[in-house]
Amino acid sequence: MSEKERLFPGIPLVESPIFRQELPRMGLSEVEMEIAIALNRDGFAVFDFPDPVIDDRIERIRKSLSVELGVNDADPEASKLSGPGRIQDAWQTNDDVRAIASNAIVLDLLSRLYGRKAFPFQTLNFPVGTQQHLHTDAVHFSTIPPKFMCGVWLALEDIQADAGPLHYVRGSHKWPMIDNAMIGRKGHGAADTSAQAPYHDAWAAFMDEHNAQPEQFLPCKGQALIWSANLLHGGSMQNDPRLTRWSQVTHYFFDDCVYYTPAFSDEYLGRLALRNLVSVADGSPKPNLYLGEEIAPVTQAPLPWAKRLRQSLTLRRKYHQESSMK
Ligand SMILES: O=C(O)CCC(=O)C(=O)O
Ligand SMILES: [Fe+2]
């Protein structure tokens, strides 16, 4: 069924409220259907990365990024936590990172799962566990209409429990998508410290409410996991500093959306921190589109203190003009 004929073209098929009706029309094989069902139910799905030369790519990536990251991959006794811990957008210079991010089979599968064409917009390569606080990617990267975003996490080695594996909260993608209005915060123009820290307490309260616990992902090299935009995930504690946890995350959006950063936006006022993206696959620009119409960047709203200063200067000028006329 084409996008135009669908009842809810603005909702990813895999997150559809009529998912059982959509599933048979998504054009999926049996194995792909399992992935769709898991992603719909749990907010994540595991699969073997479909690349016959993935082992060679992994070896080359680890070798070349070790140098940039200052990781001593050769000495098993050395602490691995000395370097920056991540490289963002290595796809710009590393063909293997770009090939993984742009894998045609993955792009095709994601496109059928979501009902719009997928494109990769960011890569992250990690040599060790991130120990990143539980979060949803939806506060960092989101779309209008919502949820047209996902992450694919690929293990570049067998992951050990003490290496600080990725962990996630099963089913949390169905909890409310948090925004600034919900927590009584103005995001647009807010200080650019941590994008996700303002939401930590809210997520912890959701976890309490559902009596939920994170589960660790312990994949073998070459296994991957897709997560939904609103799934809580993060890096668990790294108990052994001598262990690496090589991985690549690729973040994907889907065509014909507005792409923005919710943490620094106030959606209800139309103040959006828009993203200016190119596709990792071919470097083509990805304009912000709403139902085919290009959205121009919103100019920064005047800060309250600047407004107050302007008002007081005007009043002072008026006072001086009036007193000089006396
Ligand atoms: O690998 C991890 O520990 C988490 C990475 C992550 O949250 C992300 O890239 O979105
Ligand atoms: Fe994330």
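1. The residues around ligand 1 are L124, F126, T130, Q132, D137, G151, L166, H233, G234, G235, S247 and V249, and by class the shell has four nonpolar, seven polar and one charged residues.

2. The open sheet has six strands, in the order β1-β8-β5-β10-β3-β2, and its pairing is antiparallel. Strands β1 (44–48) and β2 (87–88) stand at the edges, where each has a single partner strand, so one side of each is left without a neighbour in the sheet. As a general point, strands of a sheet pair through backbone hydrogen bonds, either parallel or antiparallel.

3. Strand β3 (residues 118–126) runs antiparallel to strand β10 (residues 247–254), and eight bridges join the two. Along this pairing, N125 has Q248 of β10 as its bridge partner, while F119 stands opposite F253 in β10. Strand β3 also pairs with β2, again in the antiparallel sense, over two bridges, and here I87 stands opposite N125 in β3. Seven of the nine residues of β3 are buried, so this strand is largely enclosed by the rest of the structure.

4. The next point concerns W203. This residue has its place in helix α6 (residues 200–210). Is W203 buried or exposed? W203 is buried, because 22 other C-beta atoms lie within 10 Å, and the cut-off for a buried residue is 20 or more. When its neighbours within four places in sequence are left aside, W203 is in contact with L134 and L232. By way of scale, W203 and I18 are 185 residues apart along the chain, and their C-alpha atoms are separated by 27 Å.

5. On confidence, the mean pLDDT of the protein chain is 91, and 90% of its residues reach 70 or more. Over residues 318–326, however, the pLDDT is below 50, and this stretch has zero contacts in the model beyond near neighbours in sequence. Where pLDDT is low, the predicted coordinates should not be read in detail.

How values were computed. Residues are numbered from 1 along each chain as its sequence is written. Chains are lettered from A and ligands numbered from 1 in the order in which they are written. This is a predicted model: local features need pLDDT of at least 70, side-chain atom pairs count only at pLDDT 80 or more; totals for chains, interfaces and linings use all residues. Two strands pair if DSSP finds at least two bridges between them. Helices (H or I, at least four residues) and strands (E, at least two) are DSSP runs, numbered from the N terminus. pLDDT is the predictor's confidence in each residue, from 0 to 100. Two residues are in contact if their C-beta atoms, placed from the backbone, lie within 7 Å. A residue is near a molecule or strand if its C-beta atom, placed from the backbone, lies within 6 Å of it. Ala, Val, Leu, Ile, Met, Phe, Trp, Tyr, Cys and Pro count as nonpolar, Asp, Glu, Lys and Arg as charged, and the others, Gly among them, as polar. A residue is buried if 20 or more other C-beta atoms lie within 10 Å of its own, exposed if 12 or fewer, and partly exposed in between; C-beta atoms are placed from the backbone.
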